Amino acid sequence: MDLRIFTEPQQGASYDTLLTVAKAAEDLSFNAFFRSDHYVPMGSAEGLPGPTDAWITLAGLARETKRIRLGTLMTAGTFRLPGVLAIQVAQVDQMSGGRVELGLGAGWFEAEHTAYGIPYPKEKFARLEEQLAIITGLWATEVGRLFSFDGTHYQLKDSPALPKPAQAKVPVLIGGHGATRTPRLAAQYADEFNIPFASVEDSERQFGRVGAAAEKFGRKPGDLVYSNALVACVGKDDAEVARRAAVIGRDVDELKANGLAGSPAEVVDKIGRYAAIGASRIYFQILDLEDLDHLELISSQVQSRLA
């Protein structure tokens with residue numbers, strides 16, 4: 001089981017805090033550090049000192065880490081033009097020596113768009129489909145050849161399709177709960193399908209849809225990695241679990257029902273249930289970024305048992 005750390009900096013985190021967490025995750029042998037792509041906090045969080053940009057953050061981390069993979073769950077398609085995003089991701093991949101992964105979604109949080117003057121289009125999914133075609137098309141174009149695209153929402157003419165990522169293929173992540181269009185896009189473009197904050201039963205159903213869609217595109221269901229993102233609240237005893245739950249403003253019973261919460265043994269057992277339905281990668285959503293002991297506990301008592 002591949003265990004990764006997933007952060008939500010819009011809730012309140014500076015770049016220095018994210019760097020500390022990313023380095024700790026690397027030192028503790030987690031396989032990746034991912035972050036969300038939002039500009040406004042959700043719920044009651046104040047979000048201080050203010051938002052950090054996902055790809056600027058990852059560019060910095062690319063130069064200050066050595067091994068850990070870096071990516072987004074998920075880059076908002078509404079924030080960036082696809083040609084510009086292809087350049088940004090390729091450059092960060094070069095800066096990291098080939099450790100970047102691109103999670104790309106349609107964008108959904110209207111408040112952050114109005115807060116920062118970002119257009120919020122009515123038709124987002126069709127734009128996402130064109131964005132995926134453009135980004136993967138630009139990267140796949142041979143050096144010396146030109147790339148053009150004539151879509152409904154985006155048009156590119158005679159692009160040099162540069163720069164190229166360091167990796168021969170940057171892994172693309174697509175995720176979500178949609179029953180029809182999401183599995184189709186994943187089958188067509190994704191190396192990994194991720195479902196966030198879903199039960200074992202809902203995950204199994206969605207993994208099945210993605211696998212069936214993959215077969216329609218001439219791929220084997222096993223060609224994709226299947227993953228879950230789940231909130232983490234692990235403690236060596238009940239008191240520590242309760243303390244960590246209180247810090248993030250969540251109920252212990254709710255966390256145990258909907259996330260990865262409880263003792264290390266309970267969390268290992270829960271992960272095993274996801275593994276049984278096809279998940280081979282778990283993103284631990286870490287909401288208290290000051291609690292590095294939490295990461296150490298997950299590494300020593302959960303990750304070690306799943307190695």
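Visitor: How many of the 11 residues of helix H2 (residues 54-64) are buried?
Guide: In this predicted model, the buried residues of H2 include Trp55, Leu58 and Leu61. Helix H2 is largely enclosed by the rest of the structure, because the number of its 11 residues that are buried is 8.

Visitor: Which helices do the buried residues of H2 pack against?
Guide: The partners of these buried residues include strands E2 (32-35), E3 (69-72), E4 (75-76) and E5 (100-105). Their helical partners are H1 (15-27) and H3 (82-96).

Visitor: Which residue caps the N-terminal end of H2?
Guide: The backbone nitrogen of Trp55 lies 3.0 Å from a side-chain oxygen.

Visitor: Is H1 parallel or oblique to H2?
Guide: Two packed helices are described by the angle between their axes and the distance between the axes. For H1 and H2 the axes are 10 Å apart and the angle is about 45°. That angle makes the orientation of H1 to H2 oblique.

Visitor: How many nonpolar residues are in the contact of H1 with H2?
Guide: On the H1 side stand Tyr15, Leu18, Leu19, Ala22 and Lys23, which meet Thr57, Gly60, Leu61 and Glu64 in H2. Of the residues in this contact, 2 are polar and 2 are charged, while the nonpolar ones number 5.

Visitor: What is the handedness of the crossing of H6 and H7?
Guide: Helix H6 (residues 181-189) packs with helix H7 (residues 200-216) at an angle of about 50°, their axes lying 8 Å apart. H6 is therefore oblique to H7. The crossing is right-handed.

Visitor: Which residue does a cis peptide bond join to Leu162?
Guide: Most residues other than glycine have a negative phi, and most peptide bonds are trans. The cis bond at Leu162 has an omega of about 0°.

Visitor: Is Ala161 buried or exposed?
Guide: Ala161 lies in the loop between E7 and E8, and its phi is positive, about 55°, although it is not a glycine. Its relative accessibility is 4%, and the cut-off for a buried residue is under 20%. Ala161 therefore counts as buried.

Visitor: What is the relative accessibility of Ser29?
Guide: Ser29 is placed in the loop between H1 and E2, and its phi is positive, near 70°. Ser29 counts as partly exposed because its relative accessibility is 46%.

Methods:
Residues numbered from 1 in each chain as written. Predicted model: local features only at pLDDT ≥ 70, side-chain atom pairs only at ≥ 80, totals over all residues. Heavy atoms only, no water. Buried < 20%, exposed > 50% of the residue type's maximum accessible area, 1.4 Å probe, protein only. Helix = DSSP H or I, 4+ residues; strand = E, 2+ residues; numbered from the N terminus. Contact = heavy atoms within 4.5 Å. Polar contact = N/O pair within 3.5 Å; in protein donor to acceptor, adjacent residues only side chain to side chain. Axes fitted to C-alpha atoms, helices over the stretch in contact; angles between N-to-C directions. Parallel < 35°, antiparallel > 145°, perpendicular 65-115°, else oblique. Nonpolar A, V, L, I, M, F, W, Y, C, P; charged D, E, K, R; others polar. Left-handed = near helix turned anticlockwise from the far one by under 90°.
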